[in-house]
Amino acid sequence: MSTRNLILVLGDQLTCTLSSLAAGDPARDRVLMAELHDEATYVRHHKKKIAFLFSAMRHFAEELRAMGWTVDYVKLDAPDNRGNFTEQVTHAIGQHRPERVVVTEAGEWRVMQMLQDWQAQFPIPVDILPDDRFLCPPTAFKAWAADRKQLRMEYFYRDMRRQTGLLMNGDQPCGGKWNFDADNRKAADVDLFMPQPSRFAPDALTQDVLALVATRFDDHFGDLAPFWFAVTRANAEAAFAAFVENALPHFGDYQDAMLTDEPFLYHAVIAPYLNCGLLDPLRICQQVEAAYHAGKIPLNAAEGFIRQVIGWREYVRGIYWLKMPGYDCSNFFGHSRPLPDFYWTAETGMACIRAAVSQTKQHAYAHHIQRLMVTGNFAMLAGIDPYPLHQWYLSVYADAYEWVELPNSIGMSQFADGGLLASKPYAASGAYINRMSNYCGSCRYDVKQRTGDDACPFNALYWHFIARHRDKIGKNPRMAQMVRTYDQFAADEQQRITNSATTFLAGL
Ligand code: DLZ
Ligand code: SF4
């Protein structure tokens, strides 16, 4: 068959209605997908993340073939695998002599640069089409941001509610309020009947991928087994339906709770599926809205879920494209400490970090409060360099692509952008973790002590952070109170805080 267009489908574009495919013709065009060494190693992704994505890609190639597409799927160990996008596409152009290359815009700035370079580099035109799976194109976000002195997610989110009509009564929000987050602050109790995310046994195709990843990425972080992620659209949709039925009714209440040995609580664990294109953001929000109108879930749960998807997720993508390149090097506090080894080994006396890292190793997953208030909070208080921390988040989580991970880690969790994304640094002492979790009971440290060898390290580190950065954070009205509180501590207490914090940091 002669090829008219070569349609390159990237690993996070596993959507049948993708713009590049919608613009094509299965009878005349050829799809190219490739498992690439460079993409798996530009940060050393978690083994389970690579296995998930390769398996989802292989299943998607099958789905496309069943729809009538000719798909060149280049496996990692195929003889003609060229290891990176540019050489793989160059090779395919030489092989098939297409008239043009067609590709939907990339999620990551790094890959988008590559696609744009091809427009000058390749002998044939390269069409880059918008990614209409998102509700707010980067250009629309830029226009929205240009009109504002200060960017706040809440106002963007309201516009997205109006634009989509989700949870709206005419021009008013259902329930009379836009945001029910104030209701979502409950700690969870251990519950033997807690719903679990749907698990799927690996089929033969996934087993091949698991064997491949086990040999080729043996030195990457993370466990391959147990592997139970959905790798097909049908299973991802089934997992989502089960979440709506079983866990979503409680999701709002317990969004921020943490429990030892309960990594998932009432969370959906659908971000890996959503971010690689197996689930459609608008469609899942419409399903949640329908469940609310059918009386199956309360409004705070429906609103909290929809806000994450059409609000926060779209907002961080907008910020990413607004601020890249350069956003990845933000370092407002000038932090430079290397990432401690226990982010990889989980070997630390701090029970909260141990729980977050060990389940990250096992599942390539941790929920947002573990990322924000445990590993993220610790890194900011301890003065860890935000860049290696960002690379850590990007590599260890199955859902992480730079457009979503970078603003969340650099902006939200490290305040490294100086307050563009977050209205205040998400800094907290052990008391917050104790309130939202049951970790402290089994910790070798005492959450009630501020200083000394047995005191929870988050406590002295918190006050040390406030004191160190008083000039930068004291101007923030929401932090100024903490600076005043620190100033009211007696001089010898301030000295004990400094001693405890510096001793702890020296031992990292
Ligand atoms: C994350 C990832 C990995 C691990 N592997 C591949 C791959 O082998 N082939 C591919 O097309 N994409 C992969 N990706 C996703 C890309 O690194 C990148 O995040 C997206 O293309 C978004 O720009
Ligand atoms: Fe974490 Fe401190 Fe609680 Fe230990 S005492 S689990 S270190 S917050």
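The dialogue below goes through some features of a predicted model.

Biologist: Which domains does the assignment give for the protein chain?

Modeller: The assignment gives domain 1 as 5-129, domain 2 as 138-197 together with 247-323, and domain 3 as 342-506.

Biologist: How should I read the interface of domain 1 with domain 2, and what area do they bury between them?

Modeller: The size of an interface is often given as the accessible area lost when the parts come together. Here domain 1 and domain 2 bury about 780 Å² between them, and 62% of that area is on carbon and sulfur atoms. On the side of domain 1, Leu 14, Phe 52 and Trp 109 lose the most area to domain 2, together accounting for 46% of what that side buries. In terms of contacts, 14 residues of domain 1 touch nine residues of domain 2, while the C-alpha centres of these two domains lie 31 Å apart.

Biologist: What should I look for in the backbone angles, and where do cis peptide bonds occur?

Modeller: Most residues other than glycine have a negative phi, and most peptide bonds are trans. In this model the bond from Ala 225 to Pro 226 is cis, with omega near -5 degrees, and Pro 226 belongs to the loop between helix H8 (204-216) and helix H9 (233-246). The bond from Met 324 to Pro 325 is also cis, with omega near 0 degrees, and Pro 325 is placed in the loop between helix H13 (299-323) and helix H14 (342-345).

Biologist: Which residue other than glycine has a positive phi?

Modeller: Leu 167 has a phi near 50 degrees, which is a positive value, and this residue lies in the loop between helix H7 (153-164) and strand S6 (168-169).

Biologist: Turning to ligand 2, how do the residues of its shell divide into nonpolar, polar and charged?

Modeller: The shell around ligand 2 has 11 nonpolar residues, one polar residue and no charged residue. Among the residues around the ligand are Met 350, Cys 352, Gly 430, Tyr 439, Cys 443 and Phe 458. Helix H15 (351-363) and helix H19 (430-436) each supply at least two residues of this shell, and the space that ligand 2 takes is the second largest cavity.

Biologist: Which loop holds Lys 424, and which residues does Lys 424 contact beyond its neighbours within four places in sequence?

Modeller: Lys 424 sits in the loop between helix H18 (402-413) and H19. Apart from those sequence neighbours, Lys 424 is in contact with Phe 415, Asn 476, Arg 478 and Met 479. The C-alpha atom of Lys 424 is separated by 13 Å from that of Ile 410, the two residues being 14 residues apart along the chain.

How values were computed. Residues are numbered from 1 along each chain as its sequence is written. Chains are lettered from A and ligands numbered from 1 in the order in which they are written. This is a predicted model: local features need pLDDT of at least 70, side-chain atom pairs count only at pLDDT 80 or more; totals for chains, interfaces and linings use all residues. Side-chain values use heavy atoms; hydrogens and water are left out. A residue is near a molecule or strand if one of its heavy atoms lies within 4 Å of it. On a 1 Å grid over the protein atoms alone, a cavity is a set of points where a 1.4 Å probe fits but cannot get out, and a pocket is an open set with protein on both sides within 12 Å along at least five of seven lines; lining residues have an atom within 4 Å of a point. A molecule sits in a cavity or pocket if more than half of its atoms lie within 2 Å of its grid points. Helices (H or I, at least four residues) and strands (E, at least two) are DSSP runs, numbered from the N terminus. Ala, Val, Leu, Ile, Met, Phe, Trp, Tyr, Cys and Pro count as nonpolar, Asp, Glu, Lys and Arg as charged, and the others, Gly among them, as polar. Domain bounds come from an automatic or database domain assignment. Contact means heavy atoms within 4.5 Å. Buried area is the accessible area (1.4 Å probe) that two parts lose on being put together, summed over both.
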